[in-house]
Amino acid sequence: VKVISVDSETKSEQNDVDRHNKPRLRRSLIISAFIEKYSHLVQVINAPVSSNCDLVGLYSSVHDVGMIQFLVNSWSKWEAMGPDWDSDCCQPGWKGNGPPPLVPCHAAFRRDGIERVSSNVMGAFGYYCTDSLTPIVESLVTELQEDASIICEAVNLALLRNSVIYAATTHPGHHCNFDNFGGYCYLNNAALCATLMQKRLDDTAGNRRVAIIDIDYHCGNGTASIFYRVPDVFFTSIHCDPEIEYPFNAGYEDQIGEGAGKGATLHVPLAPGATWEDYKPALEKAMNAIMEFDVVGLVVSMGLDTYEGDSVSVRKGGFKLKGNDYVELGKTMGSYMKDNFIPTVFVQEGGYKMDVVGEAAADVLGGFSEGTRKAE
């Protein structure tokens, strides 16, 4: 198992405002847990990062160019509007110095054709963002460039060495569709990972089918949307019932894809309170479907907010996975690779119980590695 990360010293007081989402701390805790618990299995590799990393060029295969450009330019536009920033667009609770984090102060109509994106950064934010929980902060572009570099390096190594890679990104991405972001997500790293895999596989000819399995507590609605009409990317998500939990409007069992992509989407919603005994059959159902799709590349959107007592999920009931369940989760997935290993990239999504998130992530990868081994 190789862990792809970057050396990042991003330390902005803006990053500590949200009481649930601590993505920079989460990444640090996960990497530390890998080193502490599975040093015999893992190698931590730093991805090369350039300040000239072209986010538009990379993500335009899965996102609207205008949305990517908004993310790249929004902070400088917001900063230029000071020092009397509109309080409606300042993140609540901000008490620091300098420009406050930017949050939307309105929502646009759902793409009905009568509205266009505003040149005013406050208006554009409401056009592209789905909530007020996903702020624009000063360090965002640098972190998105780091995440993109991590994904690129992870795909290269996974395919080159036919191996399993953990992409230790800062920000999750599975709630971003083609032209919207939200849910703590800015750009869809799992979607980028899948498309980069396919481009590499195109170079070698033959089968270019890849799969994405999302094991976050919340449905990967953005990823599902991006590939909903795509025939050679299989997407499956195991999540809490969307009648009960965010994102509410996607993740139903009867949503199986459309057009050329019909049958290439599998949602497996579970009731609140699901334990490992409930979760394992759902995972096996998803993995069996992936194997039947005959894929040559796998992306795992690894959310860890399935942990019992996670602060983001517990409000609606949450799941009750804990401790060794995450080893078993990894082993179950890995067992499908014993006879035919598939290059696999794990991409970090959610996980908000900071006292256990590092160990849970490490256990999934440790279990996955164990599960792939054939009996001696």
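Student: Which residues of α4 are buried?
Tutor: In this predicted model, they are Val121, Met122, Gly123, Ala124, Phe125, Gly126, Tyr127 and Tyr128.

Student: What makes helix α4 count as largely enclosed by the rest of the structure?
Tutor: A residue is called buried when its relative accessible area is under 20%. Helix α4 covers residues 121-128, and eight of its eight residues are buried, so the helix is largely enclosed. Part of the cover over these buried residues comes from α3 (65-80).

Student: How do you know that Asn120 caps the N-terminal end of α4?
Tutor: Polar contacts are pairs of N or O atoms within 3.5 Å. A side-chain oxygen of Asn120 lies 2.8 Å from the backbone nitrogen of Met122.

Student: Why does Asn188 count as buried?
Tutor: The cut-off is under 20% relative accessible area. Asn188 has 0% relative accessibility, so it counts as buried. You will find Asn188 in the loop between β3 (164-167) and α6 (189-204).

Student: What does the side chain of Asn188 reach at 2.9 Å?
Tutor: That is the backbone nitrogen of Ala191. A polar atom of the Asn188 side chain also lies 3.3 Å from the backbone oxygen of Gly173. Both pairs are within the 3.5 Å limit for a polar contact. Beyond four places in sequence, Asn188 is in contact with Tyr59, His63, Gly173, His174, Cys176, Gly222, Thr223 and Ile226.

Student: Is Asp339 buried or exposed?
Tutor: Here the cut-off for exposed is over 50%. Asp339 has 70% relative accessibility, so it counts as exposed. It is found in the loop between α9 (325-335) and β8. Asp339 and Thr372 are 33 residues apart in sequence, while their C-alpha atoms are 8.3 Å apart in space.

Student: How many residues does the largest nonpolar core have, and which of them have the most contacts inside it?
Tutor: This core has 61 residues, and Phe70, Ile136, Phe181 and Val345 have the most contacts inside it. Helix α5 (residues 140-160) gives the largest share, ten residues. Another core lies apart, with 57 residues, including Phe34 and Tyr326. In soluble globular proteins, nonpolar side chains tend to be buried together.

Student: Why does the radius of gyration of the protein agree with that of a compact globule?
Tutor: A compact globule of 376 residues would have a radius of gyration near 21 Å, and the protein has 20 Å, so the two agree. Of the 376 residues, 58% count as buried.

Conventions
Residues numbered from 1 in each chain as written. Predicted model: local features only at pLDDT ≥ 70, side-chain atom pairs only at ≥ 80, totals over all residues. Heavy atoms only, no water. Core = buried A, V, L, I, M, F, W, Y, C linked by side-chain atoms within 4.5 Å. Buried < 20%, exposed > 50% of the residue type's maximum accessible area, 1.4 Å probe, protein only. Helix = DSSP H or I, 4+ residues; strand = E, 2+ residues; numbered from the N terminus. Polar contact = N/O pair within 3.5 Å; in protein donor to acceptor, adjacent residues only side chain to side chain. Contact = heavy atoms within 4.5 Å. Rg over C-alpha atoms; globule rule 2.2 N^0.38 Å.
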